[in-house]
Amino acid sequence: MSMLPYLRAAVRPSLRKPTPSQPGYDTTRDPSATSAVVDCAVYRDGRRVPGPLRLTPREAIRRVREDGGFAWIGLHEPTGAEFAGIAATFGLHPLAVEDAVHAHQRPKLERYDDTLFTVFKTIHYVEHAELTSTSEVVETGEVMCFTGPDFVITVRHGGQGSLKGLRHRLQDDPDLLSKGPSSVLHSIADHVVDGYVAVASAVQDDIDEVESEVFAAPAKGAARRGDAGRIYQLKREVLEFKRAVSPLLRPMELLSERPMRLVDPGIQKYFRDVADHLARVHEQVVGFDELLNSILQANLAQATVAQNEDMRKITSWAAIIAVPTMICGVYGMNFEHMPELQWKYGYPMVMASIVGICFTIHRALRRHGWL
């Protein structure tokens, strides 16, 4: 008899996933260890503490609370289930957790007990060979930051705004990093606002291009390229930019002016510089919006003027053509006694009259700028 059925019966139970009531079930699994964690590290005295390659958030906070320093956990687009373990480990408020999991939040600063929750909108300029009525000019993302007494948790949404380079730059500046979690919060704010400055410069170039096309005289026979569709699309992108910048003004003012227990006094003065840069970008974006309104109105006015010119030309030629139409219409009637019908000079006289009258009308219309 074949032994294969007995071998299968013996092997099958060992392949089943163990349940909590069975031996072999892992009761020590860390619920804070998720695939959404991009980086997790402990910093002490401004330097990254060497540790295992895959340090879990629970292990990181345990080390911090035993030996000092702070933990920085970076996540990218975590789901609610993935973030639940981390939220429980660090005692994060449910309302802030809900905002962090679901993107499309408004830039803001909120305090929950011993945690600051900050939302930043990141802006990325989309390169394009030519601005069209469907061009995407700016692309937005989000960075949420939980700042506690001994931890920083950053949650990033979107494909842009990676904080990997920022983390490396901070690790090269131990004096700043030694100020604690608030130094990370400041660096993120500074990084985001610097991105605004770069995008504002690029958008300014697009607006200058559209403005020059609207007000430049087109070549003979060429149509104007400053069409309303392109201007309106650029205005929509500037409005999206404005929605990222404007709400952040108040949070930066609070961080730079109001003393906070979670913000190191030595770091607070750095927030003033960020707030100043943000205010300048905000003024630029508001100026962009107003300038695009003026350009759009000018473009529509030019289109109206061009239509009026076309209508005047059409009306002028209709007036000229009406003369031969009227005279030929008279001779096309079937009257018994036509004027000058038997006169041999009648036909050339009528033709000469038509040409003379049409020439006179054309000259008069041309003198008045209709033709």
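Guide: Helices and strands here are DSSP runs, numbered from the N terminus: a helix is a run of H or I with at least four residues, and a strand is a run of E with at least two. What you see above is a predicted model, in which local features need pLDDT of at least 70 and side-chain atom pairs count only at pLDDT 80 or more, while totals for chains, interfaces and linings use all residues. Residues are numbered from 1 along each chain as its sequence is written, and side-chain values use heavy atoms, with hydrogens and water left out.

Visitor: How many helices and strands does the protein chain have?

Guide: By that DSSP rule, there are 11 helices and 7 strands.

Visitor: In what order do the strands line up?

Guide: The 7 strands go β2-β1-β3-β7-β6-β5-β4, forming an open sheet with mixed pairing.

Visitor: Why do β2 and β4 count as edges?

Guide: Each of them, β2 (47-48) and β4 (108-112), has a single partner strand, so one side of each has no neighbour in the sheet. Elsewhere in the sheet, β3 and β7 pair in the parallel sense over 6 bridges, and His 76 stands opposite Arg 156 in β7.

Visitor: How do you know which strands helix α2 packs on?

Guide: Look for contact, which means heavy atoms within 4.5 Å. Helix α2 (residues 57-67) touches β1, β3 and β7. Its direction makes about 10° with that of β1; axes are lines fitted to C-alpha atoms, for helices over the stretch in contact, and angles run from 0 to 180 degrees between N-to-C directions. Helix α7 also packs on the sheet, touching β3, β5, β6 (138-147) and β7, at about 25° to the direction of β5.

Visitor: Why is Ser 187 called buried?

Guide: Buried means under 20% relative accessible area, exposed means over 50%, and partly exposed is in between, using a 1.4 Å probe and protein chains only. Ser 187 has 7%, so it counts as buried. This residue lies in helix α7. Leaving out residues up to four places away in sequence, Ser 187 touches Leu 166, Leu 170 and Leu 176.

Visitor: And Ala 298, is that buried or exposed?

Guide: Its relative accessible area is 17%, so Ala 298 is buried by the under-20% rule. You'll find Ala 298 in helix α10 (residues 265-331). In the protein chain of 371 residues, 40% count as buried.

Visitor: What makes Asp 45 exposed?

Guide: Asp 45 has a relative accessible area of 67%, which is over the exposed cut-off. Asp 45 sits in the loop between β1 and β2. Those strands form a hairpin with 2 residues between them, and Asp 45 in the turn has a positive phi of about 60°. Not counting residues up to four places away in sequence, Asp 45 touches Pro 174 and Ser 178.

Visitor: Why is a space called a pocket?

Guide: It's checked on a 1 Å grid over the protein atoms alone: a cavity is a set of points where a 1.4 Å probe fits but cannot get out, whereas a pocket is an open set with protein on both sides within 12 Å along at least five of seven lines. Lining residues have an atom within 4 Å of a point. Grid points are joined across faces, edges and corners, and a volume is the space filled by probe spheres set on the points. The largest pocket comes out at about 220 Å³. Of its 14 lining residues, the closest to the centre are Val 38, Asp 39, Leu 163, Lys 164 and Arg 167.

Visitor: Which element gives the most to that largest pocket's lining?

Guide: β3 does, with 4 residues.

Visitor: How do you know what classes line the second largest pocket?

Guide: Ala, Val, Leu, Ile, Met, Phe, Trp, Tyr, Cys and Pro count as nonpolar, Asp, Glu, Lys and Arg as charged, and the others, Gly among them, as polar. The second largest pocket holds about 180 Å³, and its lining has 5 nonpolar, 6 polar and no charged residues. Helix α7 gives the most to this lining, with 5 residues.

Methods. Two strands pair if DSSP finds at least two bridges between them.
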